[in-house]
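Thanks, everyone, for making time this morning.

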Amino acid sequence: MIGEAAHLLLALVGPARLHDGVAWITVACGLAACGPAGLRWLRVAQREHYLAGSVSRFAGRWWVSSPGNKGLAVLAVVAAMVSVGWPPVGVVTAGVVAFGPLGLTVRGRTAPLVWTRRLRTLAAVSAALVILVMVAGLVSGLASPAAVVAALIVPALVDLACAVTAPIEHRLSEPFVEAAAARLQRVDPCVVAVTGSYGKTSTKSHIAHLLRPGRTVVATPASFNNRVGLARAVNEHLAEGTEVFVAEMGTYGAGEIADLCRWCPPDIAVITAIGPVHLERFGTEERIVEAKSEIIDRAATVVLQVDDKRLAVLADRAAADGKRVLRCSAVDPAADVCVERSPDGTRLSVHTVGRRLADGVRVPSGLQPTNLACAIAVALALGVERGELVARLGHLPAVEHRLEAVRAPTGVTILDDTYNANPAGAAEALAMLDRAPADRAPDGSPERPAGRRRVVVTPGMVELGRRQAEENRRLAAACAGVATDLLVVGRTNRRALMTGAASVPGSPLRVRRVGRRDQAVAWVRQSLGSGDAVLYENDLPDHYP
């Protein structure tokens, strides 16, 4: 990325403009440092979906993530300032930028850099911006400081490149979107669109299961829930004869879901839940409601989880607009669909408008009643017979990495909740951990023998905006009431989690800090045995500190 920039600069201005040999060395070091720095921050940009501003935000997190990185950051800034009058000092800044922040690798372990066409474009634009900074420095006679500054502000330049290329990428994706729209019109399936702060993927999975095999169903794979991902899912998976297309729709801001619904208009729209997920991007939960509610505008039938009062208000508004509204609940049997869970969490009862549809249905561990209620409402809206629906409820598959319970050969119960990262889901996971390693006393009641260990492994929750620290303190405090051990992974939420764990007087909770999840897994394998249980709550890729 940067070698080409150096050659181009020399070709444009020639070495004569660099009077001083030492100044030239500083310029060379500054440009060279932009190479590894650019690769690091391009990787962050790719992992953060190329959102302008995200790279600088992560750079700030990394440079204050440890005392070592804080010290290096101060050293780099001071050296850059001094280099204006004494160019050789700029080499210090270049060295810090080339090798720091400590812990953020160029290649990545869990989130490697993938050289897609979009990333290559972003790299080229970022390099061009470095060149512009250098040209400005050469014109003003400050070539050495310009090279140092260019190295120092690489995250900001990558963010600027994201902003510059965003409309270009939107335009380049238009043919694929148009092809997807044409394919949808030709195949003409019933489109079920699902959104929510959380529960989207689980609800999508439940809907597909409840409709099959009576209907030919295609659901968007994995989390293909943005513009490009949804278009790709349609173009690659929507076969002729498909009767129902279940489309997961995500958003990072206002207008995005409206754009998806413009070319993929839903017949049935589902909102599963509202919560503080992506709050740092939206600012308030009210804006989240507004953005998510765009999904109902074109739909004739609307399915809403009305245990959330904000969605209950939205349900009334949709009904007033003449839409068919199905209200779903986990507590109100009079709702259109209510799914209630047994105290031990292993069985469900289902009511439709006060009438019992099924009772004592055994389901996979961790299944969220409101997600299933929304799925049942969709199935009923599409005419699935009640008898068929009850039969399929008894064979619901677990949703991978969403409070999925397995028993290891060692006898350890493993609760895999690594794809969840919201306060409501974390509370549910802790409740399940509390139930997990229970034997039966002679009177039939659960008892937990002394010495049984219950472990929580977590990096905490992210993208919660101003609430992030407080929510993670609450999470750790709740762990103190359930777990015997808490393993805090990484540095992103370490302070909040440690503070929360220490806030419970007399708690026997043992807290350990580990740098990476694989270290926590190694500790679990070495330390736990039959009858113990571990909850893996959330997981962060390694572009997080």
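What you see is a predicted model, and its mean pLDDT is 89, with 93% of the residues reaching 70 or more. There are stretches that call for caution, among them residues 8-19, where the pLDDT is below 50 and where the model has 16 contacts beyond near neighbours in sequence. Residues 439-448 also have a pLDDT below 50, and for that stretch the model has 15 contacts beyond near neighbours in sequence.

Let me turn now to a pair of helices, H17, which covers residues 423-435, and H18, which covers residues 468-480. At what angle do H17 and H18 pack? The angle is about 5°, and the axes are 11 Å apart. Because angles under 35 degrees count as roughly parallel, H17 is described as roughly parallel to H18. On the H17 side the contact is made by Pro423, Ala426 and Leu430, while H18 brings in Glu471, Leu475, Ala478 and Cys479.

My last stop is Asp308, which sits in the loop that runs between strand E5, residues 301-305, and helix H14, residues 309-320. Is Asp308 buried or exposed? Asp308 counts as buried, because its relative accessibility is 12% and the cut-off for buried is under 20%. A polar atom of the Asp308 side chain also lies 2.8 Å from the backbone nitrogen of Arg310.

Definitions and conventions:
Residues are numbered from 1 along each chain as its sequence is written. This is a predicted model: local features need pLDDT of at least 70, side-chain atom pairs count only at pLDDT 80 or more; totals for chains, interfaces and linings use all residues. Side-chain values use heavy atoms; hydrogens and water are left out. Axes are lines fitted to C-alpha atoms, for helices over the stretch in contact, and angles run from 0 to 180 degrees between N-to-C directions. Helices (H or I, at least four residues) and strands (E, at least two) are DSSP runs, numbered from the N terminus. Angles under 35 degrees count as roughly parallel, over 145 as roughly antiparallel, 65 to 115 as roughly perpendicular and the rest as oblique. Contact means heavy atoms within 4.5 Å. Buried means under 20% relative accessible area, exposed over 50%, partly exposed in between (1.4 Å probe, protein chains only). A polar contact is a pair of N or O atoms within 3.5 Å; within protein, one must be able to donate a hydrogen and the other to accept it, and residues adjacent in sequence count only if both atoms are side-chain atoms. pLDDT is the predictor's confidence in each residue, from 0 to 100.
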